[in-house]
Amino acid sequence: MQKCENCNAQFSWSKIYKSFWWMYKPVECESCGVRHEITIFGRFTFVILTILPMLIFMYFLTPFNNVFVTIGAGSLILIVGSFFTPFVIQYEKAS
Ligand SMILES: [Zn+2]
């Protein structure tokens, strides 16, 4: 998981996770205060792990006849996928 590029402190999962849902809000290091921004590659990774599986599921697979069940299951895929994103997404020191 992402560490501070300045002092090497470990960022918490919840802190990174919350950043995604605030439009990729920069993450501030708790020990040295340096701001980190998500990389462009990190944004792609987020979409690939969350929105893409959801869309593939809802548009191409649609195993349920009920549209509400399909949307519900699609949302569940998005949420479950997003749980893994803090482990793989890269941040860099804001300039
Ligand atoms: Zn730091």
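In the predicted model, Cys-32 is located in the loop that connects β1 and β2. With a relative accessible area of 33%, Cys-32 is classed as partly exposed. For Asn-6, which is 26 residues from Cys-32 along the chain, the separation of the two C-alpha atoms is 7.7 Å.

Cys-32 also takes part in a metal site. The zinc ion has as its protein donors the SG atoms of Cys-4, Cys-7, Cys-29 and Cys-32, at distances of 2.2 to 2.3 Å. The angles among the four donor atoms run from 107 to 115 degrees, and the site is tetrahedral. For comparison, the ideal angle for four tetrahedral donors is 109.5 degrees. Along the chain, the zinc donors are spaced as C-x2-C-x21-C-x2-C. Because Cys-7 belongs to the segment before α1 and Cys-32 to the loop between β1 (27-28) and β2 (35-38), this pair ties together parts that are 25 residues apart in sequence. Cys-7 is likewise partly exposed, its relative accessible area being 36%.

At the start of α4, a side-chain oxygen of Asn-66 comes to within 2.8 Å of the backbone nitrogen of Phe-68. Further along, α4 has a kink of about 25 degrees at Ser-82, shortly before the proline Pro-86.

The buried residues of α4 are Thr-70, Gly-74, Leu-78, Gly-81, Ser-82, Thr-85 and Pro-86. In an α-helix there are 3.6 residues a turn, so residues three or four places apart point the same way. The cover over the buried residues of α4 includes α1 (13-21), α2 (40-49) and α3 (51-61).

Ser-82, the residue at the kink, has a relative accessibility of 0%; it therefore falls under the 20% limit for buried residues. The side chain of Ser-82 forms a polar contact of 2.8 Å with the side chain of Tyr-17. With neighbours within four places in sequence left aside, Ser-82 is in contact with Tyr-17, Trp-21 and Thr-50.

Definitions and conventions. Residues numbered from 1 in each chain as written. Predicted model: local features only at pLDDT ≥ 70, side-chain atom pairs only at ≥ 80, totals over all residues. Heavy atoms only, no water. Bend = angle between axes of the 7 residues up to and from the residue. Helix = DSSP H or I, 4+ residues; strand = E, 2+ residues; numbered from the N terminus. Buried < 20%, exposed > 50% of the residue type's maximum accessible area, 1.4 Å probe, protein only. Contact = heavy atoms within 4.5 Å. Polar contact = N/O pair within 3.5 Å; in protein donor to acceptor, adjacent residues only side chain to side chain. Donors = N, O, S within 2.8 Å, 3.2 Å for Na, K, Ca; no water. Tetrahedral: all angles 85-135°; square planar, octahedral: opposite > 155°, others 65-115°.
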